[in-house]
Amino acid sequence: WPANAIYGRSVSLLPHDSFRGCYCPRCLAITRQDLPRPHWHSALVWQFVTKVATWLETAHPQAFILCLAYSSYSERPEGMRQLPANVAVGLCPAQYARTTNDVDEAAYADLMRMVREWREVSQRPMLIWLHHLYRYRKERRLGMPMLLTSLYERMFRDLSKHANMMHIEMDPDSIMLEHLNRYVMLKLLYNPALSAEALVDDYAKRFYGPGGELIGPMLKDMEKRCLAAARTHANSIDMWEKHFDADTIARYRADTDRMLERVRGTPHAEAGRLFSTWFLGAIENGRAQYVHHVKKVADGEGAKISIR
């Protein structure tokens, strides 16, 4: 293996992104493009993983293989009974890896169905690979918050029964927009029995001190709106008109300004400034961009153009 595929005792057999299966007759015989895409190459990839793992047991008994159930090989192959003991399955199903998709009850139930099915054939605890990537590469979502702490409480608690490793990708555009999500996730990784609501209260108190009494309720209100938006797959217009409209943002700004007054001259003043500038400020900027580029255009020329 190349050095970048070796992590301590584990070695990766993860195919490259945009994987395409071999078209020789032997491989085509176990390619299932008659089924939904997550099944297409499951048998092809996982029979190879099993063969290499069997060899590895003797050649390198101290090592184990890690491979994702991902993309067109997300689903457990039909007929698979048990993987070798030196294989750790990492689950990253394309349709559910983005956590905003998992707010939907049917999607969450199906994700957990996949987790259980893979765990049934795994002798090792699993790795879970999640994408909290709501705004990543989506310019129309600039500045849109997506707080999902209650989802993470439920998800981490359920996943802890089946996995002991997790890889989390998060939006890189704003540390502050992801600050609460990261705080709650890291706490839950240590103890998945914790309450997300209690962690939000803890976060507000620890970071914003005397201003926490204003920030805590604001964050909880935001999360309710984020959950509603994620549940309905809200587009940019619905996000800014239904969930985070002008009156709601103005109310957040008023509470934030009150928070700044409370933390002035205290050790929490810098945290308050960061919240005002890079959390709420980022949301205000996102809505301003929407108003300038979408709302004003639609209101003025709405009969002549189509906005999606």
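Biologist: What makes strand E3 count as mostly covered?

Modeller: This is a predicted model, and in it strand E3 spans residues 64-70, with seven of its seven residues buried. Buried means under 20% relative accessible area, so each of those seven residues falls below that cut-off.

Biologist: Which residues of E3 point one way, and which point the other way?

Modeller: Phe64, Leu66, Leu68 and Tyr70 point one way, while Ile65, Cys67 and Ala69 point the other way. Residues on both sides are buried.

Biologist: How do you know that E3 pairs with strand E2?

Modeller: Count the bridges! Strand E2, residues 10-12, is joined to E3 by three bridges, and the two run parallel. Pairing needs at least two bridges, so three bridges are enough to call E2 and E3 paired. For an example to find in the picture, look at Val11, which stands opposite Ile65 in E3.

Biologist: And what makes E3 and E4 a pair?

Modeller: Six bridges link E3 to strand E4, residues 87-92, in the parallel sense. The cut-off is at least two bridges, so E3 and E4 pair as well. Within E4, Val89 is the bridge partner of Cys67.

Biologist: Why is Thr100 called buried?

Modeller: Thr100 has 11% relative accessibility. Buried means under 20%, and 11% is under that limit, so Thr100 counts as buried. You will find Thr100 in the loop between E4 and helix H3. Leaving aside neighbours within four places in sequence, Thr100 is in contact with Tyr134, Met146, Leu148 and Ala230.

Biologist: Why is Gln47 called partly exposed?

Modeller: The relative accessible area of Gln47 is 28%. Buried would need a value under 20% and exposed a value over 50%, so 28% falls in between and Gln47 is partly exposed. Gln47 belongs to helix H2, residues 42-59. Its C-alpha atom is separated by 9.7 Å from that of Ile30, 17 residues apart along the chain.

Biologist: What makes Lys205 exposed?

Modeller: Lys205 has a relative accessible area of 63%. Exposed means over 50%, and 63% passes that mark, so Lys205 is exposed. Lys205 sits in helix H6, residues 196-208.

Biologist: Which residues have the most contacts inside the largest nonpolar core?

Modeller: They are Trp46 and Trp118, in a core of 90 residues. Helix H7, residues 212-231, gives the largest share of this core, with nine residues.

Biologist: What is Trp118 in contact with, leaving aside its neighbours within four places in sequence?

Modeller: Its partners include Trp46, Ala69, Tyr73, Met80, Val89, Leu91 and Met126.

Biologist: How much of the whole chain is buried?

Modeller: Of its 308 residues, 46% count as buried. The chain has 10 helices and six strands, and its C-alpha atoms fill a box of roughly 65 × 55 × 35 Å along the principal axes.

Biologist: What share of the accessible surface belongs to carbon and sulfur atoms?

Modeller: That share is 54%, out of an accessible surface of about 16,000 Å².

Note on methods: Residues numbered from 1 in each chain as written. Predicted model: local features only at pLDDT ≥ 70, side-chain atom pairs only at ≥ 80, totals over all residues. Heavy atoms only, no water. Buried < 20%, exposed > 50% of the residue type's maximum accessible area, 1.4 Å probe, protein only. Helix = DSSP H or I, 4+ residues; strand = E, 2+ residues; numbered from the N terminus. Areas by Shrake-Rupley, 256 points an atom, 1.4 Å probe, with all protein chains shown as cover. Core = buried A, V, L, I, M, F, W, Y, C linked by side-chain atoms within 4.5 Å. Contact = heavy atoms within 4.5 Å.
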